Amino acid sequence: MDLTILYRGPLASCDYDCPYCPFAKRRDSPDLLRADRAALERFTSWVAAAADDRLSVLFTPWGEGLVRSWYRRALVDLSHRPNVARVAIQTNLSCRTDWLAGADLDTLALWCTYHPGQTPYERFLAKVHDLAERGVRHSVGIVGLPENLPHARRLRADLPAHVYLWVNAAEGHRYTDVEADLWTAVDPLFPYSRHPHRSAGLPCRTGRSVVSVDGEGTVRRCHFVRAELGNLYDGSYRAALGPRPCPLSVCDCHIGYVHLETLPLYDVFAGGVLERIPAPGPLLTVGTARAD
């Protein structure tokens with residue numbers, strides 16, 4: 001079986017306090033942290049035992065995972081597993097980077113987000129350049145709030161040329177065409193993020209070759225559809241895998257709509273879907289990228 005897994009355990013704490021995030025500066029209890037560690041170790045043990053499957057894993061914690069030693073160990077361990085094609089994590093990059101020396105960099109990748117006001121710009125940029133010098137696959141991104149546009153332009157100018165800078169449309173923000181053009185000048189693929197994508201009844205890879213897994217091992221088609229397909233650890237989810245249309249009216253998050261079969265994003269991000277890195281070569285012309 002060839003399967004992509006989006007894993008999200010109980011962890012919900014973060015060292016940043018972004019005003020738009022419900023998990024800002026949240027502190028998890030020691031009991032919850034122990035539960036998260038145990039859940040992650042159970043998951044990585046399952047991956048190691050699934051030697052006959054070809055797996056790709058993206059960790060999408062509500063909080064910041066890489067400040068926790070067990071996430072760093074999990075990434076290093078999974079990067080060396082012969083049945084793991086890719087392992088990646090979404091991160092604010094506030095952690096140190098020396099642990100990456102132990103990883104297989106042909107397999108590991110990072111999806112990094114810059115949060116202006118939460119960390120000194122020079123510190124974040126230095127870490128990104130360190131990733132580039134180490135040969136770590138990574139993308140870098142920012143939320144498309146109006147006040148972030150100067151930061152995004154500065155970041156684009158200072159990043160290594162080969163590093164893709166993505167822009168996420170701010171939740172609830174409606175962009176005029178003029179505003180959208182300014183953001184598209186930073187990220188040519190921004191039009192895919194600008195509007196929610198109509199998805200009701202449309203074919204999607206989630207539930208067939210992509211699934212979401214929580215700390216209990218509950219398998220769902222994606223993070224946004226609550227219906228359960230079974231459990232990872234007793235294998236009951238396998239019988240439920242198969243093509244199925246999206247039951248939601250719209251999909252407005254990249255980790256969801258990237259898997260819609262009606263969009264060309266598997267071609268755009270060929271080889272880098274999980275870490276949000278476009279395929280080598282000119283970026284796709286985005287004049288038809290609007291959801292409407």
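These notebook entries record what I looked up in a predicted model of one protein chain.

**Entry 1: Overall build**

I began with the secondary structure and found 8 helices and 13 strands in the chain. I then checked the radius of gyration, which is 18 Å, whereas the globule rule gives 19 Å for 292 residues. The two values are close, so the chain is as compact as a globular protein of that length. For its extent, I noted that the C-alpha trace spans about 50 × 45 × 35 Å along its principal axes.

**Entry 2: Contacts, burial and surface**

I next asked what share of the 292 residues is buried. Buried residues account for 53% of the chain. I also looked up contacts between residues at least 6 apart in sequence, and 67% of these join residues at least 24 apart. The accessible surface of the chain amounts to about 13,000 Å². Carbon and sulfur atoms contribute 52% of that surface.

**Entry 3: Charges**

I looked up the charged side chains and found 33 positive and 33 negative ones. The centres of the two sets are 2 Å apart.

**Entry 4: Helix α2**

I turned to helix α2, which covers residues 69–79, and asked how many of its 11 residues are buried. The number is 8, so the helix is largely enclosed by the rest of the structure. I listed the buried residues as W70, Y71, R72, A74, L75, V76, L78 and S79. The list includes the arginine R72. I then looked up what these buried residues pack against, and found one helix, α1 (30–49), together with the strands β2 (54–59), β3 and β4. As background, I noted that an α-helix has 3.6 residues a turn, so residues three or four places apart point the same way.

L93 is not a glycine, yet its phi is positive, at about 65 degrees. I located L93 in the loop between β3 (84–91) and β4 (108–113). Is L93 buried or exposed? Its relative accessibility is 3%, and the cut-off for burial is under 20%, so L93 counts as buried.

R276 also has a positive phi without being a glycine, and its value is about 60 degrees. I found R276 in the segment after α8 (265–268). With a relative accessible area of 3%, R276 is buried.

Notes:
Residues are numbered from 1 along each chain as its sequence is written. This is a predicted model: local features need pLDDT of at least 70, side-chain atom pairs count only at pLDDT 80 or more; totals for chains, interfaces and linings use all residues. Side-chain values use heavy atoms; hydrogens and water are left out. Helices (H or I, at least four residues) and strands (E, at least two) are DSSP runs, numbered from the N terminus. The radius of gyration is taken over C-alpha atoms; the globule rule is 2.2 Å times the number of residues to the power 0.38. Buried means under 20% relative accessible area, exposed over 50%, partly exposed in between (1.4 Å probe, protein chains only). Contact means heavy atoms within 4.5 Å. Accessible areas come from the Shrake-Rupley method with a 1.4 Å probe; for residues, only the protein chains shown count as cover. Lys and Arg count as positive and Asp and Glu as negative; His and the chain ends are not counted. The place of a charge is taken as NZ of Lys, CZ of Arg, CG of Asp or CD of Glu.
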